[in-house]
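Have the 3D view open as you read.

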Amino acid sequence: MASAPMQAVQPNSVKEIFKTLSYGPAPEADNVAQAWLDDHERSFGHFIDGKWVKPEGRKTYQTKNPATGQNLATTLQGTNDDVDMAVKSARHAYESWNKTPPHVRARYMYSVARHIQKHQRLVAVIEAMDNGKPIRETRDADVPIVVRHWYHHAGWAQLMDTEMKGWQPVGVVGAIVPWNFPLMLMTWKVCAALAMGNTIVLKPATYTRLSALLMAEICSEAGLPPGVFNVITGSGQMGSALAEHPDVDKVAFTGSTQVGQTLRRLIAGTGKKLSLELGGKSAVIVFETADLDSTVEGLVDAIWFNQGQVCSAGSRLLVQESVYGRLVEKLKTRLTHFRLGDSLDKTIDMGAIVDESQRKSVEEFVEDARKEGAEVYQATASFPARGCYYPPTLITNVQTVSRVVAEEIFGPVLVVLPFRTAKEAITLANNSMYGLAGSVWTENLSLAMEVAISIKAGTIWVNSHNMFDAAAGFGGYRQSGYGRDGGKE
């Protein structure tokens, strides 16, 4: 009798897999996104007055996938004439939109929320491809938060007559949003404005325009009246033109502190309202009473979420001296299993930096720290061969005056400082020109609450970080800006 054939030898034993945590690729199909791009012939204009507008003679910008370098679509570089066209459309729509009963506006917003849910896979894939962030983040964080904000502010529209009695719409809102959370931050501006009867002209960031254009199309499909929500694309100069336009009544901006200062100077004395959500250098304070293992996972979410390109990123780690060494070693061990890769791979921890210029900026900060004598640890075990990537970085042996400690890096870089007492931790946390967010890690609740209320920042989390809720206002102090997004604020 013939012997049974031998089974093929598996290349990795279970022991090896648990040791390396080497996951096989699990790509999200991009067919739905590619089909949407093809439907538009991979060429987009502005979305004004409920329709696509492509004025002649405009320059174009090539939008790319930072993870692969693949060209996705061309978009317009608008001019001041385009700004004027969009603002006129919004002003005309405002005359009827602000008179629309609040409960009717709420129905429109509920419809938009449902349509986003209907297209949630398309939205998540477009956002991941356009920005470079992992599909897990766009699918499990960004899109659910966006939907929640539309539902939440639809509720505020219903309650306007009672809860906001005596308040009036502002008028036309010029919204300018950055490239790190193009979909979510756009939603924060748009929802509140529409709920209260304002109309919107939105200018998305140069690097990430596609999700804003997709959202405008979804809003139109959901029945939002023409001109209520308009999207124009262009350079930073176009954002300034939008802010200065005489028919814009409020400017809502999220982005860098430097650009926020420029906008404030531009509209000074005009009577326009202004809200600014700017940069941050948020402190993460870890006491010896913290659960260090869960703290490590919290730190991953605090600083390496969205490649560290988060205004509220926990980029300053303050650790009590008694557990400083242990926590640093646990972090280094965790980073040896950190996976970088294509944004559409569901098994990765971190995606690509949005653009080569931003990657070079992050690298410059780290090299400056090396020259100052800091110890730099970088996890490069799974570094992709192509794409705009930067490794997750841990910097120790720094001073409070070091550039990497004082300035916002806006990349996957964590700096670590020790402290002895709670009072010293509070002093170090408040030793910043920013005041956007922070977190406290301890199993001692009374200590957590005392420290949390002593830090001058807009949002402080306890035993967590980067947790957003539509019902909670988000914004900062000092050079992190003023005004709030979300909630009744």
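## The sheet and its helices

In this predicted model, strand E12 (residues 316–320) and strand E15 (residues 413–419) run parallel and are joined by 5 bridges. Within that pair, Leu 318 of E12 stands opposite Leu 417 in E15.

Let's step back to the sheet they belong to. E12 and E15 are part of an open sheet of 7 strands with mixed pairing, in the order E13-E14-E15-E12-E11-E16-E17. At its edges are strand E13 (375–378) and strand E17 (459–462), each of which pairs on one side only. From one strand to the next, the twist averages 20°.

| Helix | Strands touched | Direction angle |
|---|---|---|
| H11 (residues 292–303) | E11 (283–286), E12, E15 and E16 (437–441) | about 180° with E11 |
| H13 (residues 356–371) | E13, E14 (393–396) and E15 | about 140° with E13 |

E15 is touched by H11 and also by H13.

## A helix pair

Now for a helix-on-helix contact. Helix H5 (residues 120–131) packs against helix H6 (residues 135–163) at an angle of about 125°, and their axes are 8 Å apart. Because of that angle, H5 counts as oblique to H6. The crossing of the two helices is right-handed.

From H5, the contact is made by Gln 120, Val 123, Ala 124, Val 125, Glu 127 and Ala 128. H6 contributes Ile 135, Thr 138, Arg 139, Asp 142 and Val 143.

Notes: Residues numbered from 1 in each chain as written. Predicted model: local features only at pLDDT ≥ 70, side-chain atom pairs only at ≥ 80, totals over all residues. Heavy atoms only, no water. Pairing = 2+ DSSP bridges. Helix = DSSP H or I, 4+ residues; strand = E, 2+ residues; numbered from the N terminus. Axes fitted to C-alpha atoms, helices over the stretch in contact; angles between N-to-C directions. Contact = heavy atoms within 4.5 Å. Parallel < 35°, antiparallel > 145°, perpendicular 65-115°, else oblique. Left-handed = near helix turned anticlockwise from the far one by under 90°.
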